[in-house]
Amino acid sequence: MDGETEQSGVAAIEGRGVSRAFGGVHAVENASFAVRAGEVHALVGENGAGKSTLIRILGGLIRPDGGEIRVGDETVSFATPRDAHARGIRTVFQELTLFPAMSVAENLLLGHEPRGPSGLIRRSALDGAAEAALAGLGITHIDPRALVEETSLAERQVIEIARAVLRAPRVLFLDEPTSALVEHEVEWLFAIVRRLRGEGRAVVFTSHRWREVASIADRITIMRNGTEVGTFPTIEESEAVRLMTGRRVGALYPPLAPAPTGDTVLAAEHLEGPGFRDVSFRLGRGEILGFGGLTGHGHRELFLSLFGAAPLSGGALRVGGKPLHPRRPRDAMAAGIALIPEDRKTEGLLLPMSVRDNLTLALIDLLCRAGVIARGRERSMAQRMVATLQIKTPSLAQAVGNLSGGNQQKVLLGRWLLAEPQVLLLSDVTRGVDVATKSEIYELIMRLAAGGRGVLLYSSDALELSHLCHRVLVMREGRIVRELAAGGFTAEDVVAAAVGETQLAA
Amino acid sequence: MSASLAAPARLTRVRRYLLHNLGLNLALALLVVVVALYCGVYFAQQGRFPGNFELTSTVDNTMPLVLAAIAQTLVVLTRGIDLSIGGMMDLTNALAAAHMKAGIGSMLGWSALILAVGAGLGLVNGLLVAYGRLQPILVTLATLSIFQGLAIRVLPDPGGAIPQAYTDALVNTSAPWALVYVVALALLWLGFRRSALGVALFAVGNDERAARANGIDVIRTKLAAYMMGGVFAALAGLVLAATATSGDATTGDGFTLRSVVAVVLGGVSLFGGRGSAIGAMAGAFITMMIVNVLFFTAIDPLYQSFFEGLFLVVVVVLGAVIGRRFRRG
């Protein structure tokens, strides 16, 4: 190992040779990881490298199959998160653990509510206590009386973090805390993290954004294939990526084929719907047309409307020369349009069901003979897709929920590819996907376009748009404000157009 | 920019209260409506409004269902369901009728014992659900049959006798004393809602995985819910015996499904984690008032269950529509 050795003092928490397998897949194998008091420690690696599993083990949510957990100089065994809490170890898991039908205050102070002499919770004091606790963390925009289900996803992430911080943990694990947060919320979180560090507490976090890792981590541990590669005080991004993936970062984007001059596969004229208006564009066969812009400026709505999942209130749409008025996703699918949504867990995949069932779901009608699914054909189709997309799964029968995020995304892609669509709507398909899988998905998108399909690609990553697309249409406040034509634009141009600058400062 | 997050925009107090307790408020409103309806049809038939006798008998007759509805609420809140409530009522009712003698010692002793039996029966359900990780609907359907079978063994033929003093103490038939019990139960619920166990119950029903991640003992919470459900079902069996002044090993059978109906009418979510036992109590009274209304509208008793069902469907659909409207604001 080229990481530094552990000599200085006892670890706040340490995993030694920890292993855990799920359904035959080794999520974590013989991994060691030590956290010191008073440090911010970043845990980085691709999806499926075992970061989340390691955090779940150290947070007491799951038991390791083997290895040892030490807190201070004691060996411990956590049966439940409760045992970890007792040792001052708190975790903000990637899947939020808030109670939707309970108030923000009840969630924040769960188990620590203000109590009267009778031992009963003083409801009158509860909201005030929560408000004060939130204010102490610099949060004034969340109403403690609101139910959690009334708050936004970002607010929930903030509440979840606040709840853990309020318990004054000795070690705080944050699993991808920033993926649901916008920039100023990330700044808020980092201020809190620095404060905890100043108080001698340890904070461990995972992130796919290198800028965040570099800006706040005192040490960085890199994981790959379920084990740690090394722990470093500082490390260059390119070197870190090489250690995470075993490849160079330059190879991330495959070369883009020249813009095709084929016929139009989709034409939109003055489209209007909830959240967008006067949207006109043409998509050629073989073309990858990007949509750029800040989140919430109409792309999501536009894609949903093109797919028939939201109403189109005006304009004309032609697919393959024929007019289309999609009222339901079925209409759009019949016309050869497929949508791959950004939230794969809630908008597409059936997590407890098998890879095979998820792949062939949209084609069940075609696969049926007299109402009975032709299992053999279904199987061979699914197998072909698993092979084409290099989906890493022990078998076709594996539940999709057990796969890593990148492989889940591939299953979703595979489902729509089986339907052989003419137009693909891809909405932020690489968000939360690791570098290696990203690269595979990029190649796949280019192959699909080269095969004569039209691709509409929305991405929140300007770099992705600039490397992947023949043209980019930038949207702001529901309108197309700029077209960046083939070849001659950079990621900075996309961002500048999105925020409305005419010229790029710096 | 400093590292703090701001931008307040909040609901008004009243609106929030109504919204957060929508099920309960709809149930109470519906109760007012059906009581008014009842008074209306009663007046049309009798030329006067219902008085003390009607109030007393209605409340007394509803008490067993009120208690069964509370039992069902406790379990439903954990995202479970207890179909064995009727069987537990059969068994506890039979035990009371078969063994209770006049004399304060026997009455108190047997009451305590029967409540403990209820807790034990609930514990059986709870163990199978929480430790055995079996589906609550399957477990309690099985134990329903078992409890019914035991009840028949305890009291093969309807009969036995409940001491008059017991009836007088539990269901005073001359004045609507039972209303005091209703208020006491509501207060008990409000206290329970503010206890650690009460919070845990709602947390488990909201999201079991999240409850565990937050250090809540999910298994103990579920055991407690089923046991408390058993105690309330036993109490329902005792009150039923006191009202009838005798026992019957099948008298509780109808209460399983009626307790589910009361819970749904009371705005308790069958998906767990939302609702109030007060709503379920209101739901119990609503079901009873509907039976009374149907009685006075002189609908053929043969069609009674048809109209009860029709009413239930209409109310549930209406409740969903109003709820959706309200949320959209």
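Reader: How many residues of chain B are in contact with chain A, and with how many residues of chain A?

Author: Please keep in mind throughout that this is a predicted model. Taking the two chains together, the residues of chain B that are in contact with chain A number 25, and on the side of chain A the count is 31.

Reader: Which element gives the most to the side of chain B that touches chain A?

Author: The elements of chain B that supply two or more residues to that side are helix 1 (13–20), helix 9 (196–206) and helix 10 (208–213). By class, the side of chain B that touches chain A has 11 nonpolar, 8 polar and 6 charged residues. The element that gives the most, with 4 residues, is helix 9 of chain B.

Reader: How are helix 8 of chain B and helix 13 of chain B oriented, roughly parallel or roughly antiparallel?

Author: The axes of helix 8 (residues 178–193) and helix 13 (residues 277–296) of chain B come within 9 Å and cross at roughly 155°. Angles over 145 degrees count as roughly antiparallel, and therefore helix 8 of chain B is, relative to helix 13 of chain B, roughly antiparallel.

Reader: Which residues of helix 13 of chain B make the contact with helix 8 of chain B?

Author: From helix 8 of chain B, the contact is made by V182(B), L185(B), A186(B) and W189(B). By class, the contact between helix 8 and helix 13 of chain B has 7 nonpolar residues, with no polar and no charged ones. On the side of helix 13 of chain B, the residues are A277(B), I278(B) and M281(B).

Reader: Leaving aside its neighbours within four places in sequence, what is L67(B) in contact with?

Author: Once its neighbours within four places in sequence are set aside, the residues in contact with L67(B) are F232(B), L235(B), A236(B) and V239(B).

Reader: Why is helix 9 of chain A described as largely enclosed by the rest of the structure?

Author: The buried residues of helix 9 of chain A are H299(A), L302(A), F303(A), L304(A), S305(A) and L306(A). Helix 9 (residues 299–306) of chain A is largely enclosed by the rest of the structure because, of its 8 residues, the number buried is 6.

Reader: Where is D278(A), and is it buried or partly exposed?

Author: D278(A) has a positive phi of about 50° although it is not a glycine. The place of D278(A) is in strand 12 (residues 276–284) of chain A. With 13 other C-beta atoms within 10 Å, D278(A) is partly exposed.

Reader: What is the phi of R79(B), and where does R79(B) lie?

Author: Phi of R79(B) is near 75°, a positive value in a residue other than glycine. R79(B) is partly exposed, with 19 other C-beta atoms within 10 Å. The place of R79(B) is in the loop between helix 3 (52–76) and helix 4 (85–99) of chain B.

Reader: How many Å separate the centres of domain 1 and domain 3 of chain A?

Author: Chain A is divided into domain 1 (13–250), domain 2 (252–336 + 421–499) and domain 3 (349–416). Taken over C-alpha atoms, the centres of domain 1 and domain 3 of chain A are separated by 33 Å.

Note on methods. Residues are numbered from 1 along each chain as its sequence is written. Chains are lettered from A and ligands numbered from 1 in the order in which they are written. This is a predicted model: local features need pLDDT of at least 70, side-chain atom pairs count only at pLDDT 80 or more; totals for chains, interfaces and linings use all residues. Axes are lines fitted to C-alpha atoms, for helices over the stretch in contact, and angles run from 0 to 180 degrees between N-to-C directions. Angles under 35 degrees count as roughly parallel, over 145 as roughly antiparallel, 65 to 115 as roughly perpendicular and the rest as oblique. Two residues are in contact if their C-beta atoms, placed from the backbone, lie within 7 Å. Ala, Val, Leu, Ile, Met, Phe, Trp, Tyr, Cys and Pro count as nonpolar, Asp, Glu, Lys and Arg as charged, and the others, Gly among them, as polar. Domain bounds come from an automatic or database domain assignment. A residue is buried if 20 or more other C-beta atoms lie within 10 Å of its own, exposed if 12 or fewer, and partly exposed in between; C-beta atoms are placed from the backbone.
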